[in-house]
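Please keep the 3D view open as you read.

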Amino acid sequence: MSPYARIVGVGGHLPQRVMENDEWQQYIDTSDEWIRSRSGIQRRHIAAEGELASDLALPAAQQALANAQLAAGALDMIIVATTTPDRIYPATACLLQAKLGAAGCAAFDVQAVCSGFMYALSIGEAMIVAGRAKKILVVGAEVYSHILDWTDRGTCVLFGDGAGAAVLTASATPGILATRLHADGNYADKLTVNAHVKGGELLGDGHTRMDGATVYRFAVEKMTEAAKAVAGDNEIDWLVLHQANRRIIDTVRKRLQVPEEKTVFSVRDHGNTSAASIPLALAERAADFKGGDRLLLAAVGGGFTWGATYLQW
């Protein structure tokens, strides 16, 4: 019988610099009240000069490994979900692998924007269930401040930097119970960085652009659909949604009939950390989860990509 895949350790890391809403008044016409009323965000963390995704991923990964009581050298695979890799290549996962001292295991990146951790977690689960790996590190890491236009108040105030990690292991006890992943490239221009590198130069617009109204409607609809598809009528002890916007989270949780006290909210202090969002939220609230609790995770990201996972803690 194929084993189950279980999360046995989580970790998170945020850059030292905290940027409060009021600081944005140096760059754009906005206010703390304007930002909070539309997003629920009060502050976010911003990477230091020269601080890259693998730098943020390292302490998050080390914390997850310590919580799992696992040495980095015992890993069979490292999967990093990121929209802001250190380099065009090699993969940020390879750079993280070197910093962890885990040479030899498979290491690669996944790009599904804010749904990246969900995609990476699903790949890790599939590898374990298929018997191809027993111990996998799954990381979401972002330096989103690198791809923001700090004069565009429709995007710049919403995002932050950070990293979260989870250790997946093979287990005879059920862990991940169900997952659904989706994408629709017809919405590619609704949330995008429309640029590429050619001849050593960046061609196009290297900043995040977003049709906020479309993203909001799509996120609410698709996260609700995906969540219902994986959980059905089963109990949800904790709801851990992509931390993009407080209003989106509240709307989805009400549609799923999950009480506010059983819903994780970290967007106030982190902003939208894209692929790092869900693992950061898990790490922040891990002490509140009890063995056997049923968690529902769901995310939507540029692509559009979306998905949900129903798991037992």
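T214 is part of helix α5, which spans residues 212–231; helices (H or I, at least four residues) and strands (E, at least two) are DSSP runs, numbered from the N terminus. The model is a predicted one, in which local features need pLDDT of at least 70 and side-chain atom pairs count only at pLDDT 80 or more, while totals for chains, interfaces and linings use all residues. Residues are numbered from 1 along each chain as its sequence is written, and side-chain values use heavy atoms, with hydrogens and water left out.

**Around T214**

With a relative accessible area of 13%, T214 is buried. Here buried means under 20% relative accessible area, exposed means over 50%, and partly exposed is in between (1.4 Å probe, protein chains only). The side chains of T214 and D211 are joined by a polar contact of 2.8 Å. Such a contact is a pair of N or O atoms within 3.5 Å; within protein, one must be able to donate a hydrogen and the other to accept it, and residues adjacent in sequence count only if both atoms are side-chain atoms. Setting aside residues up to four places away in sequence, T214 touches Y187, K190 and F304, where contact means heavy atoms within 4.5 Å.

**Aromatic pairs**

Rings of Phe, Tyr and Trp (its six-membered ring) pair if their centres lie within 6.5 Å; planes under 30 degrees apart count as stacked, over 60 as edge-to-face and the rest as tilted. By this rule the count comes to 10 aromatic pairs. In one of them, W24 and Y27, the ring centres are 5.8 Å apart and the planes stand at 65°, so the pair is edge-to-face. W24 is buried, with a relative accessible area of 0%, whereas Y27 is partly exposed at 36%. The pair of F218 and W306 is edge-to-face because its ring centres are 5.1 Å apart and its planes stand at 80°. F218 lies in helix α5 and W306 in strand β15 (residues 305–312), so this pair ties together parts that are 88 residues apart in sequence. Both F218 and W306 are buried.

**Two pockets**

Where is there open space? On a 1 Å grid over the protein atoms alone, a pocket is an open set of points where a 1.4 Å probe fits, with protein on both sides within 12 Å along at least five of seven lines; lining residues have an atom within 4 Å of a point. Grid points are joined across faces, edges and corners, and a volume is the space filled by probe spheres set on the points.

| Pocket | Volume | Lining by class |
|---|---|---|
| Largest pocket | about 750 Å³ | 17 nonpolar, 12 polar and four charged residues |
| Second largest pocket | about 470 Å³ | 16 nonpolar, seven polar and three charged residues |

For these classes, Ala, Val, Leu, Ile, Met, Phe, Trp, Tyr, Cys and Pro count as nonpolar, Asp, Glu, Lys and Arg as charged, and the others, Gly among them, as polar.

The largest pocket has 33 lining residues, and T83, T84, P85, I147 and V193 lie nearest its centre. The largest share of this lining, three residues, comes from β10.

The second largest pocket has a volume of about 470 Å³. Its lining has 26 residues, with G154, L158, M210, G212 and N245 the closest to the centre. Helix α5 gives the most to this lining, with six residues, and α1 (32–39), α6 (246–255) and β14 (294–301) are among the elements that each supply at least two.

S39, in helix α1, is buried, with a relative accessible area of 1%. Its side chain reaches the backbone oxygen of I35 at 2.7 Å and the backbone nitrogen of I41 at 3.1 Å. Apart from neighbours within four places in sequence, S39 is in contact with L158, N245, R246 and V267.

In α6, I248, I249, D250, V252 and R253 are buried. Their cover includes α5, β13 (238–241) and α7 (267–270). After α6 comes Q257, whose phi is positive, near 60°.
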